[in-house]
Amino acid sequence: MSQAIISLNSGSSSIKFGLFSLEGGVPVHAAGGKLEKIGIAPQLTIRDGEGSIIAEKEWPQGASLTHQALLDDLYDWAGSHLAGHEIIAVGHRVVHGGADFAAPVRVDAAILARLEALCPLAPLHQPHNLAAIRAIAALSPDLPQIACFDTAFHHAMEPVATRLALPRAMSDRGIRRYGFHGLSYDYIARRLREIDPELASGRVIAGHLGNGASLCAIHAGRSVDTTMGFTALDGLMMGTRSGALDPGVVIHLMKQEGMSADEIETLLYRESGLLGVSGISSDMRTLHESDDPRAAEAIALFVWRAAREAGALISAMGGIDGIVFTAGIGENDPVIRAAIAARLAWTGLEIDEAANRANAPLISTPDSRVTARVIPTDEERMIALHTLATLQAEATPWA
Ligand code: ADP
């Protein structure tokens, strides 16, 4: 019987998962999928390792199934699908590891309590991540569960990159910059070591450009600085999030417009970004297809902000040797990549138009001083790799 790991990325309205069988000690993607529209009309789609749909299920509109009930179903399915496999662990994406957790950790009751104490730092994400851990513990109390943190990769940042210019006592209460998308950047840094070790030892801007979007300055595989900070609201303009904002805007909205904290949260997380500026959609593809000038303005602002933040990160690293694009927009959108690259032409970056149009792995010209690559991210695989490494480290504590 061969062994398998499940990786889970549990959010408020969706749960993404991957099933990895261990072949020769390496996690191989056997199946994966997504449970979407939780709380509205849940939909489950499962695909095999080649991407073909192998199972689908829909629940009726208004089915208010809990994460627990949905995970029960998913877990049952995994058990039958993986007949011949023994599930040895479940790895979870946990958004916040706070100041303490610099590496993945096996969760027990004491660790879970410490992770729960971090919920106020990520109220929209952390509770759902932890609900999945509790759900699996109820189903299989002895199964090892490993928490893999989105903040952990950024523990390498120097203190100066983590401080906010607020009174000192506030940082003691955890109000500081943490950075997010760490599982994605960790994966990109590892893939880069495999495919371009010379660049991996240099100064790289990685751009995770999806619905959520951020940039990370990575020098020799370590995070130097990143655009998200205390929350995943900071930095770039995103699908529905504002990104960095003059804090005076928030004070104005509260004092002059009488908005409550909840209203401002909804505004900044759900109604801003590409959606807010265009008034049309948060989806980059829809904006490209529109001939409404507001769509073009939203795209222009997205590019402007990305290039401006990239400039700041290049300064943080003292230069740039390469740029890597990843996630939905980064992997698939030649127009946005070319527009950001054009604004960074002063670095010596030169894009090969045909390679860029083809979403090729290498999209810079041979003469470009800065290498540009497209690397598909794989957070589920990163979770599986971390989970396996954590189990192995437990098995050989003196290694
Ligand atoms: P999430 O943060 O939800 O994981 P994704 O990484 O899937 O988001 O990115 C979603 C974004 O990627 C959307 O704006 C979508 O329009 C964009 N995107 C996906 N595929 C393409 C494509 N082929 N061309 C342009 N944009 C794309």
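A residue is called buried when its relative accessible area is under 20%, and by that rule strand E10 is mostly covered, since six of its seven residues are buried. The model described here is a predicted one, and within its chain there are 16 helices and 13 strands.

**The chain as a whole**

- The chain has 399 residues, for which a compact globule would have a radius of gyration near 21 Å, and because the chain has 21 Å, the two values agree.
- Along its principal axes, the C-alpha trace of the chain spans about 55 × 55 × 45 Å.
- When contacts with a separation of 6 or more are considered, 62% of them in the chain are accounted for by residues 24 or more positions apart.
- The chain carries 32 positive and 46 negative side chains, and the centres of these two sets lie 5 Å apart.

**The open sheet of eight strands**

- Eight strands make up an open sheet with mixed pairing, and their order across the sheet is E5-E4-E3-E2-E1-E6-E8-E7.
- The edges of this sheet are strand E5 (53-58) and strand E7 (105-106), each of which pairs on one side only.
- Strand E1 (residues 2-10) is largely enclosed by the rest of the structure, because seven of its nine residues are buried.
- On one side, E1 runs parallel to strand E6 (residues 85-94), to which seven bridges join it, and within this pairing Gln 3 has Glu 86 in E6 as its bridge partner.
- E1 also pairs with strand E2 (residues 15-23), here in the antiparallel sense and over seven bridges, and the bridge partner of Ala 4 in E2 is Ser 21.
- The link from E1 to E2 is a hairpin that passes through four residues.
- Strand E3 (residues 26-36) and strand E4 (residues 43-48) are paired in the antiparallel sense over six bridges, and in this pairing Leu 35 stands opposite Leu 44 in E4.
- As a general point to keep in mind when viewing such strands, the side chains in a regular strand alternate between the two faces of the sheet.

**Strand E10 and its two partners**

- Strand E9 (residues 203-209) and E10 run antiparallel and are joined by seven bridges, with Leu 209 standing opposite Ala 213 in E10.
- The hairpin that joins E9 to E10 goes through three residues.
- E10 is also joined to E11 by four bridges, and these two strands run antiparallel, with Ile 218 standing opposite Ser 223 in E11.
- E10 and E11 form a hairpin with two residues between them, and Ala 220 is in the turn.

**Two residues with a positive phi**

- Ala 220, which lies in the loop between strand E10 (213-219) and strand E11 (222-226), has a positive phi of about 50° although it is not a glycine.
- Ala 220 counts as partly exposed because its relative accessible area is 46%, a value that falls between the cut-offs of 20% for buried and 50% for exposed.
- His 181 is likewise not a glycine, and it has a positive phi of about 60°; its place is in the loop between helix H5 (168-172) and helix H6 (182-195).
- His 181 has a relative accessible area of 8%, and therefore His 181 is buried.

**Val 374 and its surroundings**

- Val 374 is placed in strand E13 (residues 371-374), and because its relative accessibility is 8%, Val 374 counts as buried.
- If residues up to four places away in sequence are not counted, Val 374 touches Phe 325, Gly 330, Glu 331, Arg 337, Ala 360, Pro 361 and Ile 363.
- Val 374 and Ala 137 stand 237 residues apart along the chain, and their C-alpha atoms are separated by 38 Å.

Note on methods:
Residues numbered from 1 in each chain as written. Predicted model: local features only at pLDDT ≥ 70, side-chain atom pairs only at ≥ 80, totals over all residues. Heavy atoms only, no water. Rg over C-alpha atoms; globule rule 2.2 N^0.38 Å. Contact = heavy atoms within 4.5 Å. Lys, Arg positive; Asp, Glu negative; His and termini not counted. Charge placed at Lys NZ, Arg CZ, Asp CG, Glu CD. Pairing = 2+ DSSP bridges. Buried < 20%, exposed > 50% of the residue type's maximum accessible area, 1.4 Å probe, protein only.
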